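Please look over the sequence and the structure shown below before reading on.

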Amino acid sequence: MTSAAWYLLRLSRMGPAEVAGRVGDAVRKRRWRRVAAHPPEPIPLRLRRFRSPLPSGALDDVSADARRTLLATADRLLDGTAEYFGVTRHDMITPDWSLDPKTGHSAPADAYAFDVPYRDEDAVGDIKQIWEPSRHQHLTVLAAAYAVTGDARYAERVADHLKSWWAATPPLHGVHWVSGIELGIRLLSWVWLRRLLHGWPGAAELFERNDVALHQVWHHQRWLAAFPSRGSSANNHAIAEVAGQLAAACAFDWFPESAGWRTTAVRALDTHLRANTFDSGLNRELATEYHGLVLELGLAAAIETDAAGVRLPDTTWPVLLRMTDALAAIVDVRLRPPRQGDADDGHGLVLDGTDRWASLLATGDVLFGRLDWWPTVARTDVRTAAFAALVRSPKLDVPRPNTRPDHFPDAGLTLLRTREEPEIWCRCDAGPHGFLAIAAHAHADALSIEVRHDGVDVLADPGTYCYHGEPEWRRYFRSTLGHNTLRLDGADQSASGGPFLWTRHARSRVLTAARDRWCAEHDGYAPAIHRRTVELDGGELRIRDEVSGRHPCVLAFHLGPTIDADLDGTTARLRWHHDGTATLDLPPQLTWTAHRGETDPPLGWYSPGFGRKEPAVTLLGRGEACGAVLTTTLTFHDRRSHQ
């Protein structure tokens, strides 16, 4: 259970307006207990129309590969198999919507929603395992399979699951009515389910002619209008909430409140997108997966307004353009962005199983036009084709980068990379410690680096692995020791107050950012200052760490999961795949040890995705920082030149 101390710390990060808003929320939740079954006003059938189906032939250009991927995923779902966060479920023909298959616990389905202790794994299980299937993104995959093939089996399974979910989770009952981000994403899925099933004879009976469906849609929108994320929580959650609200108010505009909900959501979407995005286009949470989530949500909501003929503020589309250009700038040769900050594999809208980043760039190409320096992607996935069929490409007269940016000053992110193959890609971090007062998705990773060779993780960011239920692992993956940086005095650079709360934030600043050289420092160990310089010279990367004063220190280098390492004194010889080799010459002032897959305490792990972890080598240098420069040199051995 969450402790009283945590609540006090959380309260300390709120301003007066947020406190007042949350008091109002608490009063409203108590009042709503008496009106949980309150229905919407009756809507005449003649007013219930779905006006924004996909045009005929909209998905004809989906590539054969994307089609195969989609149908393979959809067929596994028909067989009852799905994988969520490393756990494979075989009960997805008739799922239990309250079950956590990882722990075997079930959340109470009949309890008043706001009484459910959803953060307590002993009471409800792993909440992410319960929530994820109820985002209904497996159903949008099935609906896309129907739209591509016309095979009614896919549509019928969608209908079965929706009817089952609506019956099992009446408004304001159970764990699925607790979190606004879940309601917002679910609404977005329902809009696309109706759209993708438009050619199926049962679509109208499932949605607009179904009073149960109307009851659910109305209560979702009523909830989102009443309990918006606010203040220190107005991050990606707020955008998911308004994106779902806006999409539903455009596509399901059948209620007396629809126009008001739509107007409010249009303004809120613009406000939150601008607040959550640096001028450079990167997401302010400095957690790359959330950049992807917010961009997906923003694009889906904006395209929904376009399909409905609703005008957005002039500032909305330019934010999405900047986000797309920023994504194109930071990806490596394999279209992988940095592994920075938290990542929970959350998506805004899923229509097939293709790569998220390639799909976003393909959509950006269709909407905004690719710049000459963009990486090449194919416009072949289902979501891009569907978006392109609905939107009138926005005409934006805004400046865009003439060359590929390597430095994002407001986000403190710098990329050092070679311009010819094989690419050496190095991310250097000296940005703010997360977003808003709690910096919920930040890690204690100031001055950390990631290094890839031809897209292979060599010096890796270990990832996230978990949020709830395993506090020791949560602490490790977000700790300073869990990143490629220097820890002093046995402490993290920033102070944690809980799994999504930081009470003291290290402040970083960039001193030099050039094509081949970066230098920055942070004050997380004040009065001591840690300064790091990184230089890329062809196939050689040099890292110099300097610390003022005398401090016990640990310097960590986390290797990617495919890297084998032989440590001999202060030299580590690295190997990967068939011909990848490198030498890591480590600072001789420290004593070096290699660790892999240790659990007490955790050390030597890599998380390829939420809920999954695998052993990987971590090299630790222990000693004392006493004013001397700690120099590390990573030399790649490759017959091809680096420039």
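Predicted model: local features only at pLDDT ≥ 70, side-chain atom pairs only at ≥ 80, totals over all residues.

**Helix pairs**

Two packed helices are described by the angle between their axes and by the distance between those axes.

| Helix pair | Angle between axes | Distance between axes |
|---|---|---|
| α13 (residues 288-308) and α15 (residues 356-368) | about 40° | 11 Å |
| α2 (residues 16-32) and α10 (residues 211-226) | about 150° | 11 Å |
| α11 (residues 236-251) and α12 (residues 258-275) | roughly 145° | within 8 Å |

For helices α13 and α15, whose axes form an angle of about 40°, the result is that α13 is oblique to α15. The crossing in which α13 passes α15 is left-handed. On the α13 side, the residues that meet α15 include Leu293, Leu295, Leu299 and Ile303, while the residues of α15 that take part include Trp357, Leu360, Leu367 and Phe368. Sorted by class, the residues of this contact between α13 and α15 comprise 8 nonpolar, 3 polar and 3 charged.

Helices α2 and α10 pack at an angle of about 150°, and they are therefore roughly antiparallel to each other. In their contact, Asp25, Arg28 and Trp32 of α2 meet Arg222, Trp223 and Ala226 of α10. The residues of this contact of α2 with α10 fall into 3 nonpolar and 3 charged, with no polar ones.

Helix α11 passes α12 in a left-handed crossing. Among the residues of α11 that meet α12 are Ile239, Val242, Leu246 and Cys250, and among their partners in α12 are Trp261, Ala265, Val266 and Leu269. By class, the contact of α11 with α12 has 12 nonpolar residues, 3 polar residues and 1 charged residue.

**Backbone features in loops**

Which two residues does the cis peptide bond with omega near -10° link? This bond runs from Glu421 to Pro422, and Pro422 is found in the loop between strands β4 (413-417) and β5 (424-429). Another cis peptide bond joins Ala526 and Pro527, with omega at about 15°, and Pro527 has its place in the loop between β12 (517-522) and β13 (530-537). A further backbone feature concerns Phe85, which has a positive phi of about 55° although Phe85 is not a glycine. Phe85 is found in the loop between β1 (82-84) and β2 (87-89).

**Cavities**

Rolling a probe the size of a water molecule over the atoms shows where empty space is left. In this model the count comes to 3 cavities of 30 Å³ or more.

The largest cavity has a volume of about 120 Å³. Its lining is made up of 18 residues, and of these Asp429, Pro432, His433, His443 and Asp445 lie nearest the centre of the cavity. By class, the lining of the largest cavity has 5 nonpolar, 10 polar and 3 charged residues.

The second largest cavity has a volume of about 70 Å³, and the residues that line this second cavity include Leu282, Leu286, Thr288, His291, Ile330 and Leu413. Its lining divides into 6 nonpolar and 4 polar residues, with no charged ones. Thr288, one of the residues lining the second largest cavity, is also one of the residues of α13 that meet α15.

Methods
Residues numbered from 1 in each chain as written. Heavy atoms only, no water. Axes fitted to C-alpha atoms, helices over the stretch in contact; angles between N-to-C directions. Helix = DSSP H or I, 4+ residues; strand = E, 2+ residues; numbered from the N terminus. Parallel < 35°, antiparallel > 145°, perpendicular 65-115°, else oblique. Left-handed = near helix turned anticlockwise from the far one by under 90°. Contact = heavy atoms within 4.5 Å. Nonpolar A, V, L, I, M, F, W, Y, C, P; charged D, E, K, R; others polar. 1 Å grid on protein atoms, 1.4 Å probe; cavity = no way out; pocket = protein on both sides within 12 Å on 5 of 7 lines; lining within 4 Å. Points joined across faces, edges and corners; volume = space filled by probe spheres on them.
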